[in-house]
Amino acid sequence: MLGPVSEPVLLPGGASKEAWAVDADGEPLLVRRAGGGVIHRHTLSLRHEFEVLRAAHEAGVKVPRPVAYIEDLDGREAFVMERLEGETIGRRIVRMAVPERLPVQMAEELAKIHALPPERLPFLEEATVDRLVDELDEIGELHPAIELGLWWLREHRPLPREPVVVHGDFRIGNLVVDENGLVGVLDWEFAHLDDPARDLSFGLVRAWRFGVDRLRLGGIGDVEPYLDRYNELTGFEVRPEELDYWELAGNVAWAIGCLTQARRHLTGQDRSVELAILGRLGAEVEFEICHLLEGQGVT
Amino acid sequence: MSERPTPEELAEAIEEFLAGEILPTLDDPRLRFRTLVALNALGIVKRELGRLPPEDDAEQRELAARIRSGDVPAGTLDRVKADVEARLRIASPEYVERHRDDE
């Protein structure tokens, strides 16, 4: 049985899920509860997200300790996990004095995640780049820059790698960081099966550098030590060109993501200025897609 | 180029935010009054924008379809990038400069 439980406090942020801080018997906990909408139709249910968190925790990945899944918490599903101490806001992390080994620590966690046994998580689906085309078509807007990105991705596919369990949103904004570096990996709702190089590259997307653009790995470090350590641990021998490919794919995915978010406002599912403006700020990501294509020699 | 949200839709989003989230928190009668006046002004902007004819997107439609079919002659990127940059100069002008400084 739990001891004395404090009054839950709703934390800010969390576009599609609520996060409540609560202390039980003096232990800091976090309750993640379903909100109104889903960001994305490929988002895991909280039940499945909890299963992924458990598998990651058992495998020694740095994650909040999963405590309990609750099927019905005042009408919605939820789960309880440890509340880790540290910074989680990307914009602040890139301005903190983070240890130089943070990129290496990120590589180490990713190597453990990619070694999770898929049979332990049979509900995970495989994702492909082609799915992005369907997502764009569903939005139904005209975005030639995104089309051009998709075209290049179709024309230059690297040799496919055996799909592994991936986090699906592995970037600075989804980590807990303190002065000793990586404390935990959060937000597992996009976990799926995919090319490991894709997961390895998502954190390179310029939008996730939070203004510290010269540091390609999430505004906190260089890519080389990260890639080297990852290859050393996994033996996957991911090549820098694969990172370039998947960085572009990550930008295309996020450009579409911006439009999808704006749709939530436009369709009335979730009215909010914050979501609405993403429909326009997606142009930043499209500009970056053009920049990366130029780097590939496209004219 | 028919961008979403349209200017009218953006004005509407701000209107909803001010009326729905800010106004109810204001106790100072002066601020309440001025916010109501601001909402009136915003309503004028919104209705004015609503009268603008929809932009012709035939060219963008054709370009998007051509790229989808794999017809990407040299110069396509330059054209697309110029268009994105023009949109960015409206949506986020400082981003273009920051990106450029970085190269």
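## Basis

The model is predicted: local features need pLDDT of at least 70, side-chain atom pairs count only at pLDDT 80 or more, and totals for chains, interfaces and linings use all residues. Residues are numbered from 1 along each chain as its sequence is written, while chains are lettered from A and ligands numbered from 1 in the order in which they are written.

Helices (H or I, at least four residues) and strands (E, at least two) are DSSP runs, numbered from the N terminus.

## Helix H9 of chain A

H9(A) covers residues 273-295, 23 residues in total. Its first and last C-alpha atoms are 34 Å apart, close to the 33 Å expected at 1.5 Å a residue. The expected span is 1.5 Å times one less than the number of residues. H9(A) also has a kink of about 45 degrees, centred on A:Gly279. The bend at a residue is the angle between axes fitted to the seven residues ending there and the seven starting there.

Of the 23 residues of H9(A), 17 are buried, so the helix is largely enclosed by the rest of the structure. Buried means 20 or more other C-beta atoms within 10 Å of the residue's own; exposed means 12 or fewer; partly exposed lies in between; C-beta atoms are placed from the backbone. After H9(A) comes A:Gly297, with a positive phi near 90 degrees.

## Helix packing

Axes are lines fitted to C-alpha atoms, for helices over the stretch in contact, and angles run from 0 to 180 degrees between N-to-C directions. Angles under 35 degrees count as roughly parallel, over 145 as roughly antiparallel, 65 to 115 as roughly perpendicular and the rest as oblique. A crossing is left-handed if the near helix is turned anticlockwise from the far one by less than a right angle, and right-handed if clockwise.

H8(A), residues 240-266, packs on H9(A) at about 165 degrees, with the axes 7 Å apart. The two are therefore roughly antiparallel. Their crossing is left-handed. H8(A) also packs with H4(A), residues 130-139, at about 30 degrees and an axis separation of 10 Å. H4(A) and H8(A) are therefore roughly parallel. This crossing is left-handed.

One pairing links the chains. H5(A), residues 144-155, packs with H4(B), residues 76-91, at about 140 degrees, axes 9 Å apart. That makes H5(A) oblique to H4(B). Their crossing is left-handed.

Most residues other than glycine have a negative phi, and most peptide bonds are trans. A:Asp74 has a positive phi of about 55 degrees. A:Asp74 sits in the loop between strands S4 (66-73) and S5 (76-82) of chain A. A:Asp74 is exposed, with 7 other C-beta atoms within 10 Å.

A:Glu237 also has a positive phi, near 50 degrees. Its loop joins H7 (223-234) and H8 of chain A. A:Glu237 counts as exposed, with 7 C-beta neighbours inside 10 Å. In chain B, a cis peptide bond joins B:Arg4 and B:Pro5, with omega about -10 degrees. B:Pro5 belongs to the segment before H1 (7-22) of chain B.

## A buried arginine

A:Arg198 lies in H6 (residues 196-202) of chain A. A:Arg198 counts as buried, with 24 C-beta neighbours inside 10 Å. The C-alpha atoms of A:Arg198 and A:Gly149 are separated by 15 Å, the residues being 49 apart along the chain.

## Domains of chain B

Chain B is assigned domain 1 (1-55) and domain 2 (56-103). Their C-alpha centres lie 29 Å apart. The bounds come from an automatic or database domain assignment.
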